[in-house]
Amino acid sequence: KVTIKGIERELICPACNELFTHPLILPCQHNICHKCVKEILLAFEDSLADGGSESSNQSSPRIKISSSSMDRIDRISRTGRKRNSLTPRSSLFPCPGCKRDIDLGERGINGLFRNVTLETIVERYRQAARAAIAIMCDFCKPPPQESTKSCMDCSASYCNECFKIHHPWGTVKAQHEYVGPTTNFRPKILMCPEHEMERVNMYCEICRRPVCHLCKLGGGHANHRVTTMNTAYKTLKEKLSKDIEYLLSKENQVKVYITHLDLLLKETECNSERAKEEASQSFEKLSHVLEEKKSEALRAIEASKNLRLEKLQMQTEEYQGLLENNGLVGYAQEVLKETDPSCFVQTAKQLHVRIQKATESLKSFRPAAETTFEDFVVDITKQEEILGGLSFHSSGLEIPEINEEQSRIYNKALISWECPGKTDSADTYVLEYHKLNREEESATWQKIEVCSKSKVISDLDDDSSYAFRVRGYKGSICSPWSQEVILRTPPAPVFSFLFDDKCGYNSEHLLLNPRRTSVESRAGYPLLLGSERMQVGCYTTLDYIIGDTGFAKGKHFWALRVEAYSYVVKVGVVSSNKMQKLFHNTHDVTSPRYEQDSGHDSGSEDAFFDSSQPCTLVTLGMKKFFIPTTPAAPKDPESRILPLPSSLGICLDCDKGKVGFYDAGCMKCLYECEVDCSGIMYPAFALMGGAAVHLEEAITAK
């Protein structure tokens, strides 16, 4: 026999946390009170109408249900509407047992079966709990007598006298079924909720619920596999009995597990107390250190105060001595009364020196000690930051490392990190960053919680350096901070454009990708045929291409990548006033002698660069960056050749008339010069031979 009290947890409704009252079986096989179903459905419907879903997961609808929903339940009950009217527009029901949305079907609540067996068990539990409380007769005149039996057909309880009166011999009522006193009046026959006049006599194996013959003939179970109720009863009872027998046969094993769990409970208690004690000791150590530092600081301030007071007191006494008939002045006045020259001279010489010092001190008065204690202000900013990040550290939790190759800053900042090992990886990460400012010694870290291993950060200031760091979290345990990585933002807002495939574009020599973000020059037959007609020492002209968007004012920045195999690439800017000259150059050849970046030291490059160039460009090629020949440029040709950065940035300031070329990885300026910004300025590119240029892609939120 199973003790009724031991199964109490199985008799509690998951919605109201009380004993079941008229429990219904949901399609997910969980049970819930009939009233709780209505309350949750109405609250769920209200939340859908309001655009929210907070009410769909409430643990106690009887407490949290709104008053308006309760009024609706009462109105529906009073008006006597059909049972179908209780079904809200939405057939979804948030089951509090499995935390999933369950489809109740077209009939909603009306399609749910009442769990009569569970209701009977709950009533047994209630009777065992209130054995000393009697069930009173429903028909006695006050005061009512204790009932002796309950009629299952009348759903009422009677004492002996009232039962004889309402169930006389020889009448139909005398044939009613009666049991001992109870408040649980279960139906004698289980009726179909969809066809209320039909009793269930079959069991649907697909839906796992009782059905009637009408459900099988033309209802929703027409094509389902069904069996007779007796067969289902025997099969399920046999399976349940076997499973129970198996569990009972494993009683010793279950007891072993329970004993082990009891030990784990005690061990957890002990370990938690030990952890609390260790944490308390750690904080006490910190407290002792702070107390010692506090005592040292207070002693230092007290010693400085005493020394300053002593100096100021002595200075006060010295100045009091300068008053008439007091101190030094009074003594000097007495010396002046001496009439003997020898004696006067003997005393007055030393006295005169003291009087002179006193006179000088009056001319430039300065206190002997400062009154402020600015030197004794304790700066605890860093300590506050460290204490704010105080947490449980795990030696097994890997310290993440920021990947500097994958992290970059362009229009936004993309920060990526990885863990060296694969064991005990973190669940979440915290990324912190702050702007480096020379004026502020201690900056405030901005904190972002991230579930992945990368994060895009927006709204960073231009031309600024930022420090980034990351740490991993697994529950309440965190790893130490990673090593800080410093990245610099572009000197100006990023300018977005594509290659122009119309203005001056030479499709025979240049090839654009479909997105117009890459251009490639191919050294094919046209170049060979052109070179065959040229004399030795000359080469054909460059193939130019510009951006499809320009600007006339402001400061803008863009970046690009040049393939390592590129022979000659020129990048820079061109004005709309000189664009016609750029694309309609009458010269078919360009001599190396007059090429601005040829390195030929003929003395004529400067004049050519200043007057003849239709655009401002720098030369790239063979993995090198060539600084143009200008009066300010180094005379040594080797010093004008720099390694080509992986990403080259260009910054044009129309207001100041300057263009700068940057290493976009570290935002270091490689070369800067003046440029004529009259007209609309466009990004300009030139390629010759085998070469390719790719525009830097903008960083998106994903």
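Good morning. I begin with strand β1, residues 23-25, which is joined to β2 by three bridges, the two strands running antiparallel. Within that pairing, L24 has I32 of β2 as its bridge partner. Please keep in mind throughout that the model is predicted.

These strands belong to an open sheet of three strands, ordered β2-β1-β5 and paired in antiparallel fashion. Which strands stand at the edges? They are β2 (31-33) and β5 (113-114); each has a single partner strand, so one side of each is left without a neighbour in the sheet.

I turn next to the nonpolar cores. The largest nonpolar core has 45 residues, and the members that touch the most others are W558, V571, L620, L652, F685 and V693. Strand β26, residues 555-562, gives the most to this core, namely five residues. Apart from it lies another core, of 23 residues, which includes C13, A15, L24 and V122.

Returning to the largest core, let us take L620 as an example. What is L620 in contact with, once its neighbours within four places in sequence are left aside? The list comprises V562, Y567, V568, V569, V571, F625, F626, L644 and L648. Of these, V571 is itself named among the core members that touch the most others.

The next residue is S147, in the loop between α4 (116-129) and β6 (149-151). Is S147 buried or exposed? S147 is buried, as its relative accessible area is 4%. Leaving aside neighbours within four places in sequence, S147 is in contact with I135, M136, C137, S157, Y158, C159 and P181.

Finally, the cysteines. A disulfide is a covalent bond between the sulfur atoms of two cysteines. How many disulfides does a search of the whole structure find? The search finds zero. C154, for instance, is in no disulfide, and its nearest cysteine sulfur, that of C151, is 3.5 Å away. The cut-off applied to a pair of sulfur atoms is 2.5 Å. C154 is partly exposed, with a relative accessible area of 27%.

C673 is a second case. Its sulfur lies 9.6 Å from the closest cysteine sulfur, in C669, and this is too far for a bond. C673 is buried, with a relative accessible area of 10%.

That concludes my presentation. Thank you for your attention.

Technical notes
Residues numbered from 1 in each chain as written. Predicted model: local features only at pLDDT ≥ 70, side-chain atom pairs only at ≥ 80, totals over all residues. Heavy atoms only, no water. Pairing = 2+ DSSP bridges. Helix = DSSP H or I, 4+ residues; strand = E, 2+ residues; numbered from the N terminus. Buried < 20%, exposed > 50% of the residue type's maximum accessible area, 1.4 Å probe, protein only. Contact = heavy atoms within 4.5 Å. Core = buried A, V, L, I, M, F, W, Y, C linked by side-chain atoms within 4.5 Å.
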